[in-house]
Amino acid sequence: MSASERGYSVLLSSLHRASAPTPPLSTLQGLIVHYLARLSPAPTPLAATIVGSPLFRPFSLIKLDALKTSFRHAVHTKLHLLKDAPTGLFLPSLNVQLNAWLVAILKGLEGGHAITRLACCSGLLLGVEDILKHLPSKQRDVESSVQDEIVLAFADVIDLFTSSDSWGKEFRPETEAGEEDALTLSLITCAEALLAVPPEKFVALPLPQTLTSLVHAINKSFVSGMFLSSFRSSMEHHPEYKIHVKPGAPAFRDVHKVSSSPAMSNMGSLSRLCSRSISLFVDHRPKLALPHVQETFLCLESISRIDLADAVDESIAPETRALTESIWTILKTLLFSTIMITGSWPLGCSLCSSRKLVMSAPSLALAVLRGLYHLAFVIENFGGAGHNAFPELKRAFYLALDILAEHKAESEHFVQQLCEELWSNAYDLSHPVQRAKKAFGLSAIEQLIPVLAGSTIETFVLPFCSPHLDNARHRDIFEAAHSVVLAIFSHFHTQVADSTPLHGSEHAVSTATMVPFYMRCLIENSAEDRLNTTQLRLAFAALVKNSLLTACKASSPAFDGDRVHRLHLALVSSVSSLPLALLSRVLSIVDGIIEGIENDDIKCDELLEALFQEIINNVGDAEKEFAVRWWDERRVNGVNDTAHWEGFYDFVVSMRSFYAIESGGW
């Protein structure tokens, strides 16, 4: 007997008698790859033997993964053999030979157990996807039959676990001790391969049951968000550290069970598959999809309601750091999974004309925002939820807010709930989780300002922001609070500029009281280590009112020169925001300031440069003519004949033809 025959005999005997001593799984895996690729005339009998072998039962992830990998590598090996084989005019093409080989294997898989068949088909499809780039462009249609088979196999698996037949339930497949349930193992095994199935074939799957199974597996992997339930009881007092949990405590066991589970290791592919299921479900069957999508989002929100108060602190005992690092990994996985799944829905909902779907949009948006709110501490470590967030988070956050903003009542209720939930701790920023939630809340409120009633802003938003406007110790909250106030002013001035009616007193914000208050706040925050020069100038530009000018002009003599100069620059930044009626007064004030600092060339040049840029780039057309005349007259009178006045010459000349300026001699 030749070596090849002996190897084939060993493989067959091992596949037929799982109870007898068998070679290691890695050895059998190599034999399967070798003989699947080389058997002649066809590998159909071997494929049938593999799919029916008791060797792979009871199921485990290692066995199913070995099956999948064997069939995947067999595709690669077959391609190399076909490429090395002699070619001729009358011989079948590589594409025909490869397709015939795949069909022969698929024929052998017929009648096998659904889960085993699914693992084999997953390996075949992944192998085909791997080699497509090595095939000629006109011979890349070999994957179609494998795609059809994996869809059928997965549908059989789903039917196996969702069937209401009591007889079928008695014969559900078993798994090895300590393994995930068979359905979760099946989802893990095929998730990556199903992502390669084109949409027109994917929608043939039972999408409601598919989505329900995926959500169940994800929820189970995170223990419904309760994996930290034993953390508080596991903590022990330590004289030096606030967080001290000894190895072997229940918290260690619970967290390790979650972090080391196969589902957690494959959460990326499970989440992508869930996201794709939602997207295609909504696109093809929107009315049927809605309750399932709502259930999914509410489940994710429920998982995210994790009490982190006891598990987050900088003072961690050395023997507890392994535990907190595992917790952090789980939380990151939950965040990315949430973003990946919820990021699949807005487009499908927005394109659907169903009134029921349109009415459900705010509830879906609220579920996304609440889920992200509960994970605010994790989000903060990735730059927060605002403009510094990574693209996927930014997209989920702003899309949810945009959809919510289309529904005024729901937006009002969300903001009020947010403020009330954090109200009792409005002045307590000692805990990092609390700080992160406040920063997230402020970022969300800022985007909803345009749709909030004036009464809500005055009753909830401003009192919520006020304690943080002069507390620069926590920079993210400090800047977020100022952004909210500036959003209020920006919206108010937009309404005035557009002549938008305020729809009654309940929608109008009392800027008469806000302006003096915020003016004093900005002047206080002009000190070092508070608002920087750019932020200060932008804030003052949004506060252009008569009271602003008075406050800036009345700068106390006790202020140091640099601080006064920063306020002067802030005043210059307001020039472009002024109406024509106020422009003359402001320019007169600026003129006096420049004359007062002529002996300080650096500050004088900086003020002139700032004013120069404001007039050139930012002043509106209606006010530009007056600003150009003013600058022109100053140069004619020989005032401050600096490089900036000279540099403005070409600009004035070019503007004359447009504004028909009658100017004195240069």
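Thr333 has its place in helix H17, which covers residues 321-342. Beyond its neighbours within four places in sequence, Thr333 is in contact with Phe222, Met264 and Met267.

The protein chain has an average pLDDT of 82, and 83% of the residues score at least 70. Two stretches call for care. Over residues 638-642, pLDDT stays under 50, and the model has 10 contacts beyond four places in sequence for this stretch. Over residues 657-666, pLDDT likewise stays under 50, with 17 contacts beyond four places in sequence. Where pLDDT is low, the predicted coordinates should not be read in detail.

Two pairs of helices can now be described. Two packed helices are described by the angle between their axes and the distance between the axes. For helix H22 (residues 408-423) and helix H23 (residues 432-448), the axes come within 11 Å and cross at roughly 155°. Angles over 145 degrees count as roughly antiparallel, and H22 and H23 are therefore roughly antiparallel to each other. The crossing of H22 past H23 is left-handed. On the H22 side, the contact is made by Ser411, Phe414, Val415, Leu418, Cys419 and Leu422, while H23 brings Gln434, Lys437, Lys438, Gly441, Ala444, Ile445 and Leu448. Sorted by class, the residues of this contact between H22 and H23 are eight nonpolar, three polar and two charged.

The other pair joins helix H5 (residues 94-109) and helix H7 (residues 144-162), whose axes come within 9 Å and cross at roughly 20°. This angle makes H5 roughly parallel to H7. H5 and H7 also meet in a left-handed crossing. From H5, the residues making the contact are Asn99, Leu102, Val103 and Leu106, and from H7 they are Ser145, Val146 and Glu149. The contact of H5 with H7 comprises four nonpolar, two polar and one charged residues.

Taken side by side, the pairs can be recalled by their directions: H22 and H23 are roughly antiparallel, whereas H5 is roughly parallel to H7.

Conventions
Residues numbered from 1 in each chain as written. Predicted model: local features only at pLDDT ≥ 70, side-chain atom pairs only at ≥ 80, totals over all residues. Heavy atoms only, no water. pLDDT = per-residue confidence, 0-100. Contact = heavy atoms within 4.5 Å. Helix = DSSP H or I, 4+ residues; strand = E, 2+ residues; numbered from the N terminus. Axes fitted to C-alpha atoms, helices over the stretch in contact; angles between N-to-C directions. Parallel < 35°, antiparallel > 145°, perpendicular 65-115°, else oblique. Left-handed = near helix turned anticlockwise from the far one by under 90°. Nonpolar A, V, L, I, M, F, W, Y, C, P; charged D, E, K, R; others polar.
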